[in-house]
Amino acid sequence: MHGVTVSKLIHKMKLKNATPEQDTDKTVLTHPEVNRPALQLAGFFDHFDHERVQVVGTVERAYVSTLSYERKMEVYDRLLSSKIPCLVYCRGMTPDEDILNLASHYDVPVLVSEQPTSDFMAETIRWLKVQMAPCISIHGVLVDVFGEGVLIMGESGIGKSEAALELIKRGHRLVTDDVVEIRKVSDETLIGSSPDITKHFIELRGIGIIDVKTLYGVESVKETQSIDMVIKLEDWDKDREYDRLGLEDQYTEFLGNQVVCHSIPIRPGRNLAIIVESAAVNYRQKKMGYNAAQELYNRVQANLSRRFE
């Protein structure tokens with residue numbers, strides 16, 4: 001699991017750093033969940049998830065205000081000395097000066113968010129899960145085709161980038177060429193993105209590097225995309241039997257998630273862009289409950305039944 005610095009959290013969530021003397025680049029978050037330390041401020045530290053972002057909302061602040069000064073400093077001292085990565089006050093609440101001094105003593109960044117507590121927690125958890133998701137890099141091209149994330153794979157030089165360029169000219173959007181970074185954000189969802197160094201670039205043999213964003217405009221590129229299907233390009237083999245009906249889906253696996261996969265044989269004259277578009281539309285149609293191959297099978301069965309009646 002990848003770590004995320006507190007500095008990135010501050011930038012993403014637009015937080016104010018109430019302890020600017022703390023080096024937030026050195027403090028790394030290693031857990032995607034957050035914790036509201038209500039029980040800890042009440043003195044109960046069993047099963048305390050100290051590695052999480054600690055969030056103080058209106059309820060915690062109201063409870064602490066009922067405590068004596070000595071008791072308040074005692075519970076905050078125990079909380080801040082537990083090696084928590086940071087303490088975030090929501091709804092624009094300003095931490096007491098005594099709390100800030102205590103945080104500086106234990107090198108804990110104290111941050112302030114203007115957001116409501118629930119909204120801040122939900123967005124932080126969502127973002128951290130994406131940032132810390134298991135990640136692999138593979139060779140391929142990822143394109144958004146009619147809203148479906150199509151990962152085009154195949155041996156080097158087989159025509160992946162050329163197919164992607166034709167799709168871009170037909171109005172679809174490039175996510176990444178050559179290297180695809182895949183993150184598992186849930187048991188159902190894989191998110192693909194581009195390494196920063198190759199973002200928006202396509203390599204075409206014989207021509208060189210093309211900047212898709214500059215040539216075709218910002219509407220031709222996309223930062224991230226869920227991976228909904230895989231198309232594997234391979235050289236045509238006349239001795240091989242290829243699936244001509246598609247009654248049963250084939251799958252490939254990334255990070256333990258199954259993704260629908262089609263093997264497409266390549267030979268001169270086949271328009272790859274149209275094939276990819278058709279595969280994406282057919283996949284969407286299946287998700288909406290209509291399977292063309294199954295419909296054909298049903299018609300054949302019905303026709304045979306009538307013949308034998």
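Pro 85 lies in the loop that links helix H4 (69–80) to strand S6 (87–89); helices (H or I, at least four residues) and strands (E, at least two) are DSSP runs numbered from the N terminus. You are looking at a predicted model, in which local features need pLDDT of at least 70, side-chain atom pairs count only at pLDDT 80 or more, and totals for chains, interfaces and linings use all residues. Residues are numbered from 1 along each chain as its sequence is written, and side-chain values use heavy atoms, with hydrogens and water left out.

Is Pro 85 buried or exposed? Pro 85 counts as buried because its relative accessibility is 8%; buried means under 20% relative accessible area, exposed over 50%, and partly exposed in between (1.4 Å probe, protein chains only). Leaving aside neighbours within four places in sequence, Pro 85 is in contact (heavy atoms within 4.5 Å) with Val 6, Thr 27, Leu 29, His 50, Glu 51, Arg 52, Val 53 and Pro 109. Take Val 6 from that list: it sits 79 residues away along the chain, yet the two C-alpha atoms are separated by 7.8 Å.

Now step back into helix H4, where you will find Lys 72. This lysine counts as buried because its relative accessibility is 13%. Beyond its neighbours within four places in sequence, Lys 72 is in contact with Val 64, Leu 67 and Asp 96.

Further along, strands S18 (residues 250–254) and S19 (residues 257–266) run antiparallel and are joined by five bridges; two strands pair if DSSP finds at least two bridges between them. Together S18 and S19 form a hairpin with two residues between them. Leu 255, in the turn, has a positive phi of about 55 degrees, and Phe 254 stands opposite Asn 257 in S19.

Finally, let us view the protein as a whole. It has 10 helices and 19 strands, and 43% of its 309 residues count as buried. Among contacts with a separation of 6 or more, 68% are between residues 24 or more positions apart. The C-alpha atoms fill a box of roughly 90 × 60 × 30 Å along the principal axes. The radius of gyration is 27 Å, whereas a compact globule of 309 residues would have one near 19 Å; this radius is taken over C-alpha atoms, and the globule rule is 2.2 Å times the number of residues to the power 0.38.
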